[in-house]
Amino acid sequence: MLQARKNRLWKFFIILFMSAGGILLILFSLNSKLDLFFTPSEMLKADIKPGYRIKLGGMVKSGSIIRDGTKIKFIATDFVKEVPVIFDGIPPDLFKEDSGVVVLGYFLDGMFEAEEIFAKHDENYMPPELSIEAAEI
Amino acid sequence: MISAFIHKFSSPKSFVKITKTLYPFLIFIGLSMLIVGWVWGLLFAPQDAVQGNSYRIIFLHVPAVIYAELIYFFMALCALMHLVWRVKLAAYLIKSAAPIGAMITFIGLFSGSVWGIPTWGTWWQWDARITSTLILFIMYLGILTLHGSFSNLEKSDRLMSILVVIGVVNIPIIKKSVDWWSTLHQPASISVSGGSSIDPSMLYPLLISIIGLGFTLISLGILSSRSYILGREKNKKWVSEYV
């Protein structure tokens, strides 16, 4: 390989590593700030101030949804800690028990008051007949 | 050895000639597979147990975002060729691939938003996957803008290649974002190692649309790079002989 070409190859890798290194440093220092939401355990440990708007994410505990008109009460869980959530409004279609949910709102006196609810979809795609079979097994 | 190989296949003249014969086959394979994949996916594949019919946007969204990343990766390989071996053709290919990459990234973002409204209940969240994909879109636009901002085209090519290399770090970040951070976007359904959490009745039309879109985009790339090369080298002798 020509000497000049070898030098250019070095320069190429230097550019690549400098850019990768710089961006990785940024990502490591931001780390958990890049998470979209707190899990219930993280939120309870983080001691969130009342009036601080945050996102909480977890699974809707099975059998925990209570509807009263447009008001919805349910429990968000990460299977370690649980947080009761109240919401007034229309949740998305995929909001259901044993399914992922992200709520935006305030944590006050052990109760999460949600302003908005987002449903999290999992990576599984299957036709309805198969899903009934899977549930029976 | 490598250099001889590279220089043999890197002349703009032979690229224009070879792609002219390849183009009809590629566009035929691409469009027919795309039609088969989409008709199968949109009309004949079963509904999803949870999402009903709205999951069908997967047949556009997943192929689009796959190529949003692959086109950038291809551009980064071209940047290596251009910066180290000084292959001019590689720079021409970057310049012609970038608008296609920007278009397909936009389609990916837009179709994702359309899907997000009924399923997530929101069309946009600043989660790691969505944000890094938006950065990819901005990178494509930035690359094109940078190339357009100098009157010296050789200099434009060089700086464009450097910017492409700087931005390539974003590709693994997009790929791993759903594993590294908590996101609203779901983790990957198909893995390169062969695993899939999509039922085969939906997976086959999806794979066909992915391959079909690939060939279609290569054909589009051939069209745009051929016209760009002929424009760039219009003062060269071979172009006046060829046209």
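Which residues of helix 2 of chain B are buried? Before the answer, some ground rules. This is a predicted model, where local features need pLDDT of at least 70 and side-chain atom pairs count only at pLDDT 80 or more, while totals for chains, interfaces and linings use all residues. Residues are numbered from 1 along each chain as its sequence is written, and chains are lettered from A, with ligands numbered from 1, in the order in which they are written.

## Helix 2 of chain B

Now the answer: B:Pro12, B:Val16, B:Gly30, B:Met33, B:Leu34, B:Gly37 and B:Gly41 are buried. Here "buried" is 20 or more other C-beta atoms within 10 Å of a residue's own, "exposed" is 12 or fewer, and "partly exposed" is in between, with C-beta atoms placed from the backbone. Helices (H or I, at least four residues) and strands (E, at least two) are DSSP runs, numbered from the N terminus. The cover over those buried residues includes helix 3 (58-85), helix 4 (88-119), helix 8 (200-232) and helix 9 (237-242) of chain B.

Helix 2, which spans residues 12-44 of chain B, also has a bend of about 45° at B:Leu22, and B:Pro24 is a proline that follows within four residues. The bend is the angle between axes fitted to the seven residues ending at a position and the seven starting there.

## Two nonpolar cores

A nonpolar core is a set of buried Ala, Val, Leu, Ile, Met, Phe, Trp, Tyr and Cys residues joined through C-beta atoms within 7 Å. The largest one has 54 residues, and B:Ile71, B:Met75, B:Ala79, B:Ile94 and B:Val164 touch the most other members. Helix 2, helix 3, helix 4, helix 5 (128-147), helix 6 and helix 8 of chain B each give two or more residues to this core. Helix 3 of chain B supplies the largest share, 16 residues.

Take B:Met75: leaving aside neighbours within four places in sequence, B:Met75 is in contact with B:Ile94, B:Ala97, B:Ala98 and B:Val164. A contact is a pair of residues whose C-beta atoms, placed from the backbone, lie within 7 Å.

## Where the chains meet

Across the interface, 36 residues of chain B are in contact with 33 residues of chain A. On the chain B side, helix 3, helix 4, helix 6 (153-167) and helix 8 give two or more residues. Helix 3 of chain B has the largest share here, with four residues.

By class, this side of chain B has 21 nonpolar, 12 polar and three charged residues. The classes go like this: Ala, Val, Leu, Ile, Met, Phe, Trp, Tyr, Cys and Pro are nonpolar, Asp, Glu, Lys and Arg are charged, and the others, Gly among them, are polar.

## Chain A: confidence, domains and loops

Chain A averages a pLDDT of 87, and 94% of the residues score at least 70; pLDDT is the predictor's confidence in each residue, from 0 to 100. The chain is divided into domain 1 (3-31) and domain 2 (35-120), with bounds from an automatic or database domain assignment. Their C-alpha centres lie 41 Å apart.

A couple of loops are worth a look. A:Phe79 sits in the loop between strand 3 (71-77) and strand 4 of chain A, and its phi is near 70°, a positive value in a residue other than glycine. A:Phe79 counts as exposed because it has 11 C-beta neighbours inside 10 Å. A:Val80 lies in the loop between strand 3 and strand 4 too, and with 10 such neighbours inside 10 Å, A:Val80 counts as exposed. A:Asp98, in the loop between strand 4 and strand 5 (100-108) of chain A, has a positive phi of about 60° although it is not a glycine. A:Asp98 is exposed, with 10 other C-beta atoms within 10 Å.

## Two spots in chain B

B:Pro99 is in helix 4 of chain B. B:Pro99 counts as partly exposed because it has 17 C-beta neighbours inside 10 Å. Leaving aside neighbours within four places in sequence, B:Pro99 is in contact with B:Leu144 and B:Ser224.

B:Ser177 is found in helix 7 (residues 170-180) of chain B, and is buried, with 22 other C-beta atoms within 10 Å. Not counting residues up to four places away in sequence, B:Ser177 touches B:Ala128, B:Arg129, B:Ser132 and B:Thr183.
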